[in-house]
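Here is a friendly walk through one model, helix by helix and contact by contact. Keep the 3D view open as you read.

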Amino acid sequence: MSDVKNQKERALKEVKAFKEVFSSESGKVVLEKLEHVCHFRQSMINEREDVSMLPFKEGQRNVYLFIQYMLNYDTSILMDENKKTVEY
């Protein structure tokens, strides 16, 4: 089996796992909590906080954004046999 095919199969398995986990009722609760604790809808700049916390909070936000990316990923892209690379 080619490396590209292995990468596609692994990526497809990962995307499906994210969708399965976060589409459950428990997953939805966790996702809602992560939205809050990862500061998704909040400004990263807050006068009352130490500026050194900005990179940490941005890292948390990036984790949430990655989860959203995986949940919204179009799996048909990974199943397209004509594609030569994995794009996620």
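Which residue with a positive phi follows H2? The answer is His 39, with a phi near 60°. Before going further, please note that this is a predicted model, in which local features need pLDDT of at least 70 and side-chain atom pairs count only at pLDDT 80 or more, while totals for chains, interfaces and linings use all residues. Residues are numbered from 1 along each chain as its sequence is written, and side-chain values use heavy atoms, with hydrogens and water left out.

**Around His 39**

His 39 is not a glycine, yet its phi is positive. Most residues other than glycine have a negative phi. His 39 sits in the loop between helix H2 (25-37) and helix H3 (54-71); helices here are DSSP runs (H or I, at least four residues), numbered from the N terminus. With 13% relative accessibility, His 39 counts as buried, a word that means under 20% relative accessible area, whereas exposed means over 50% and partly exposed lies in between (1.4 Å probe, protein chains only). Lys 57, a residue of helix H3, lies 18 residues from His 39 in sequence and 7.0 Å from it in space, C-alpha to C-alpha. Lys 57 is buried as well, at 11% relative accessibility.

**Aromatic rings**

The whole structure holds four aromatic pairs. Rings of Phe, Tyr and Trp (its six-membered ring) pair if their centres lie within 6.5 Å; planes under 30 degrees apart are stacked, over 60 edge-to-face and the rest tilted. Phe 40 and Tyr 64 have ring centres 4.8 Å apart and planes at 45°, so this pair is tilted. The pair links distant parts of the chain, 24 residues apart: Phe 40 is in the loop between H2 and H3, and Tyr 64 is in helix H3. Phe 40 is partly exposed at 21% relative accessibility, while Tyr 64 is buried at 3%. Elsewhere, Phe 18, Phe 22 and Phe 66 form one aromatic cluster.

**How the helices pack**

Two packed helices are described by the angle between their axes and the distance between the axes. Axes are lines fitted to C-alpha atoms, for helices over the stretch in contact, and angles run from 0 to 180 degrees between N-to-C directions.

| Helix pair | Angle | Axis distance |
|---|---|---|
| H1 (residues 3-23) and H2 | about 90° | 5 Å |
| H1 and H3 | roughly 105° | within 8 Å |

H1 and H2 are therefore roughly perpendicular, and H1 and H3 are roughly perpendicular too; that label covers 65 to 115 degrees, with under 35 roughly parallel, over 145 roughly antiparallel and the rest oblique.

Contact means heavy atoms within 4.5 Å. In H1, Glu 14, Val 15, Phe 18, Lys 19 and Phe 22 meet Phe 66, Ile 67, Met 70 and Leu 71 in H3. These contact residues divide into seven nonpolar, no polar and two charged, where Ala, Val, Leu, Ile, Met, Phe, Trp, Tyr, Cys and Pro count as nonpolar, Asp, Glu, Lys and Arg as charged, and the others, Gly among them, as polar.

Not counting residues up to four places away in sequence, Phe 18 touches Phe 66, Ile 67, Met 70 and Leu 71. At 22% relative accessibility, Phe 18 is partly exposed.

Technical notes: Helix = DSSP H or I, 4+ residues; strand = E, 2+ residues; numbered from the N terminus.
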